[in-house]
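Visitor: Could you walk me through this model, starting with the ligand and its surroundings?

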Amino acid sequence: MRRALELAARGAGQVSPSPLVGCVVALDGGEIVGEGFYLYEGVKHAETLALEQAGERARGATAYVSLEPHAHQGRTPPCTVALIRAGVRRVVAPVEDPNPLVSGRGFAHLREAGLEVEVGLLAPEAARLNEKYVHAMRHARPFVHLKLATSLDGRIATRTGDARWITNEQSRARVHELRHEYDAILVGAGTAVADNPALTDRSRMPRHRPLTRVVLDDRLILSPDSQLAQTAAETPLVVFTSEGADEGAADALRARGVEIVRQPRGARDLSAALEELHRRTLQSVLVEGGATVAGRFIEAGLVDKVSFFIAPLIIGGRDAMPAVAGTGANLIADATRLRDVEITQHGSDVEITGYTETVTSDG
Ligand SMILES: NC(=O)c1ccc[n+]([C@@H]2O[C@H](COP(=O)([O-])OP(=O)(O)OC[C@H]3O[C@@H](n4cnc5c(N)ncnc54)[C@H](OP(=O)(O)O)[C@@H]3O)[C@@H](O)[C@H]2O)c1
């Protein structure tokens with residue numbers, strides 16, 4: 001199963017809106033006779049690839065699949081049929097697929113055909129691997145990951161607004177790997193204007209869909225000459241704004257290929273923005289600031305995962321920008337505390353990643 005999860009992970013960036021799936025076909029002695037993992041463009045499912053490799057040796061073997069095999073006709077024929085036809089004796093899977101079209105039905109189909117089915121092996125690891133897919137399926141909104149780069153004293157910019165670069169090259173390379181895992185990346189208008197970022201995935205790893213860039217901008221202050229707008233023809237850029245925002249400014253951005261989405265309660269309505277991204281089948285959003293946007297997301301309880309990249313430098317000053325604005329907690333007991341924390345070192349920078357208390361790792 002560990003191998004199946006490892007294989008599944010190779011599809012990162014190349015499966016959304018589908019889940020990551022890996023499959024290993026093994027004989028009773030443990031010999032692996034077939035392996036596969038899913039790629040959206042490849043169309044063939046992990047099970048089919050592993051069974052093709054195993055050929056006749058799949059008869060009587062065990063298939064370890066990282067997610068419940070589907071029993072419905074989608075872009076591909078049901079994987080349960082492929083497993084049954086190949087003569088597999090036993091199927092081991094960690095978790096049910098949360099997709100209502102599939103959930104529980106795949107296991108039921110296999111059992112009806114007389115196959116042994118075991119569920120639960122490495123379930124937490126498998127749920128973690130597909131946390132974005134599982135979350136999007138269960139909550140009908142994307143998984144939200146807040147990422148910020150801070151100084152040792154918790155600042156994300158100096159008092160003049162300078163923020164480049166707080167963290168080192170290794171941390172920044174890691175951020176591109178993170179971007180690669182996400183369907184969308186979001187910033188506030190303040191950051192879009194102050195930093196003029198491109199917000200692209202420069203991981204050099206293949207992706208199935210381009211990274212959708214999102215800006216929250218009620219007054220449409222984003223310039224048509226910004227890097228974001230200038231690259232909108234190649235990489236999608238969606239700007240959420242208010243109904244009253246200037247039509248001339250909207251037209252100038254549209255002329256660059258920017259999509260303007262006017263919301264009745266403006267870009268401040270984060271739930272509506274997330275629902276809109278979900279309608280576009282975007283499973284996950286990496287929120288990269290700034291302080292105002294980070295504060296709003298935290299205070300709305302909409303952050304699922306957090307990564308702070310902390311650099312050993314002190315910016316100082318009462319007016320330097322804190323990482324998270326808004327009102328903040330009154331008491332330490334009310335602060336947003338992380339669990340399942342992982343600490344990684346990138347040269348002299350430290351990455352602290354964890355999940356907010358409100359969300360469980362299985363979504
Ligand atoms: N170190 C880091 O990781 C990092 C990351 C990002 C940014 N930064 C720095 O942070 C600074 C920018 O931060 P900021 O707080 O000024 O700006 P911000 O959070 O990027 O953007 C805030 C602005 O976005 C608009 N907005 C629209 N909808 C919003 C919503 N739902 N929630 C929040 N804002 C919404 C508001 O403009 P309206 O008033 O027009 O509605 C608001 O003033 C820059 O200096 C940048 O360099 C650092």
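Guide: What follows goes through the ligand site, the pockets and then some backbone geometry.

Guide: This is a predicted model, in which local features need pLDDT of at least 70, side-chain atom pairs count only at pLDDT 80 or more, and totals for chains, interfaces and linings use all residues. Residues are numbered from 1 along each chain as its sequence is written, and side-chain values use heavy atoms, with hydrogens and water left out.

Visitor: Fine, so how many residues surround the ligand, and which are closest?

Guide: The ligand is surrounded by 28 residues, the closest being Ala149, Thr191, Asp195, Arg219 and Thr292, where a residue is counted if one of its heavy atoms lies within 4 Å of the molecule.

Visitor: And what classes do the residues of that shell divide into?

Guide: There are 14 nonpolar, seven polar and seven charged residues in the shell around the ligand; Ala, Val, Leu, Ile, Met, Phe, Trp, Tyr, Cys and Pro count as nonpolar, Asp, Glu, Lys and Arg as charged, and the others, Gly among them, as polar.

Visitor: Which polar atoms lie by the oxygen atoms of the ligand?

Guide: Taking a polar contact as a pair of N or O atoms within 3.5 Å, an N or O atom in the side chain of arginine 268 is 2.8 Å from an oxygen atom of the ligand. On the backbone side, a polar atom of alanine 189 is 3.3 Å from a ligand oxygen, and a backbone N or O atom of alanine 291 lies 3.4 Å from a ligand oxygen.

Visitor: How much of the ligand's accessible area does the protein cover?

Guide: On its own the ligand has 910 Å² of accessible area, and the protein covers 88% of it, by the Shrake-Rupley method with a 1.4 Å probe.

Visitor: Which element gives the most to the shell?

Guide: Helix 8 gives the most, with five residues; helices (H or I, at least four residues) and strands (E, at least two) are DSSP runs numbered from the N terminus. The elements that give two or more residues to this shell are strand 6 (143–150), strand 7 (155–157), helix 8 (189–195) and helix 12 (291–299).

Visitor: Switching to pockets, what space does the ligand take?

Guide: The ligand takes the space of the largest pocket, in the sense that more than half of its atoms lie within 2 Å of the pocket's grid points. A pocket here is an open set of points on a 1 Å grid over the protein atoms alone, where a 1.4 Å probe fits, with protein on both sides within 12 Å along at least five of seven lines, and lining residues have an atom within 4 Å of a point.

Visitor: How much space is in the largest pocket, and which residues lie nearest its centre?

Guide: The largest pocket holds about 1100 Å³, a volume being the space filled by probe spheres set on the points, which are joined across faces, edges and corners. Its lining has 46 residues, with Thr191, Asp195, Glu288, Gly289 and Gly290 nearest the centre.

Visitor: And the second largest pocket, what is its volume?

Guide: Its volume is about 670 Å³. Of the 36 residues that line the second largest pocket, Leu129, Glu131, Lys132, Glu181 and Lys305 lie nearest its centre, and helix 7 supplies the largest share of this lining, four residues.

Conventions:
A polar contact is a pair of N or O atoms within 3.5 Å; within protein, one must be able to donate a hydrogen and the other to accept it, and residues adjacent in sequence count only if both atoms are side-chain atoms.
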